[in-house]
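Reader: I would like to go through the assignments made here and hear what each one rests on.
Author: Ask for them one by one, and each will be set against its definition.

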Amino acid sequence: MEEVAAGLLKVIIVQGKNLVIRDFTSSDPYVVVKVGNQEVFDRDRFKSDDKMGHAFLDLQPLLSASKLKRALQLTSGETKLRKVAPDCDNCLLASSCITYVNGEIVMDACLRLCDVESGELYVTIKWIDHPSSAAAPVKKA
C-alpha cells in the first residue's frame, strides 16, 4: 500500500520573467496549475490561446519534508528541512530550500519554462498538513 498525505497545497505565482511575446507587441499570460505540472498560456479574446511554455516540479520533496517535520515534532518557528537541486524531475533554475515556517512547509522556486524560447516562473509552494494527518497518514490501496 502507498501512503498518501492529507493536507492543503497552495501554489502562489509570484511573477513571470522573460516571457515570450505571442501577440503583436505583448502577451497576456495566465497560469494553469495541475498537480505535478504548470502551463502558461497567452489568453486571447478573438483566437485560440497561445501556449507560452510549461514547467514541472516534483512535489515528493515537499511531502518528505512534511514527514521530517512530524519526526522532528516541529510546532513553531522556522527550520530549514531540505534542499532540492535542479534535475530531470523538475524545471528548477537553481537549488531551492524547503523550510518549515509557523505550521507551513514552504518552497520558493524559480522554474524554467520548457518548449519555448524563454521564460521563467517564480512560485511559492506551501504544504499545510491536515490536523488529522499529523497523527497517521492515509493508506491508499
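**Assignments and their grounds**

Author: Leu 74 lies in the loop between α1 (60-72) and β6 (78-84). Helices (H or I, at least four residues) and strands (E, at least two) are DSSP runs, numbered from the N terminus. This is a predicted model, in which local features need pLDDT of at least 70 and side-chain atom pairs count only at pLDDT 80 or more, while totals for chains, interfaces and linings use all residues. Residues are numbered from 1 along each chain as its sequence is written, and side-chain values use heavy atoms, with hydrogens and water left out.

Reader: What is Leu 74 in contact with, leaving aside its neighbours within four places in sequence?
Author: Leu 74 is in contact with Lys 69, Thr 79, Leu 81 and Tyr 100, neighbours within four places in sequence being left aside. Contact means heavy atoms within 4.5 Å. Leu 74 and Val 101 are 27 residues apart in sequence, and their C-alpha atoms are 9.6 Å apart in space.

Reader: Why is Glu 104 called buried?
Author: The relative accessible area of Glu 104 is 18%. Buried means under 20%, exposed over 50%, and partly exposed in between (1.4 Å probe, protein chains only). Glu 104 therefore counts as buried. The residue is placed in strand β8 (residues 104-112).

Reader: What makes the pair Glu 104 and Lys 126 a polar contact?
Author: Their side chains are joined at 3.5 Å. The definition asks for a pair of N or O atoms within 3.5 Å; within protein, one must be able to donate a hydrogen and the other to accept it, and residues adjacent in sequence count only if both atoms are side-chain atoms. Not counting residues up to four places away in sequence, Glu 104 also touches others, including Lys 10, Thr 99 and Trp 127.

Reader: Why does Leu 9 count as partly exposed?
Author: Leu 9 has 35% relative accessibility, so the residue counts as partly exposed. Leu 9 lies in strand β2.

Reader: Which residues form the nonpolar patch on the surface?
Author: Leu 9, Val 11, Ile 13 and Val 33 form it, with about 260 Å² of accessible area together. Like charges are joined within 9 Å, nonpolar side chains (Val, Leu, Ile, Met, Phe, Trp, Tyr) within 5 Å. Areas come from the Shrake-Rupley method with a 1.4 Å probe; for residues, only the protein chains shown count as cover. Strand β2 (residues 7-17) supplies the largest share of the patch, three residues.

Definitions and conventions:
Patch = residues over 30% accessible without salt bridge, like charges linked within 9 Å, V, L, I, M, F, W, Y side chains within 5 Å. Salt bridge = Lys/Arg side-chain N within 4 Å of Asp/Glu carboxyl O.
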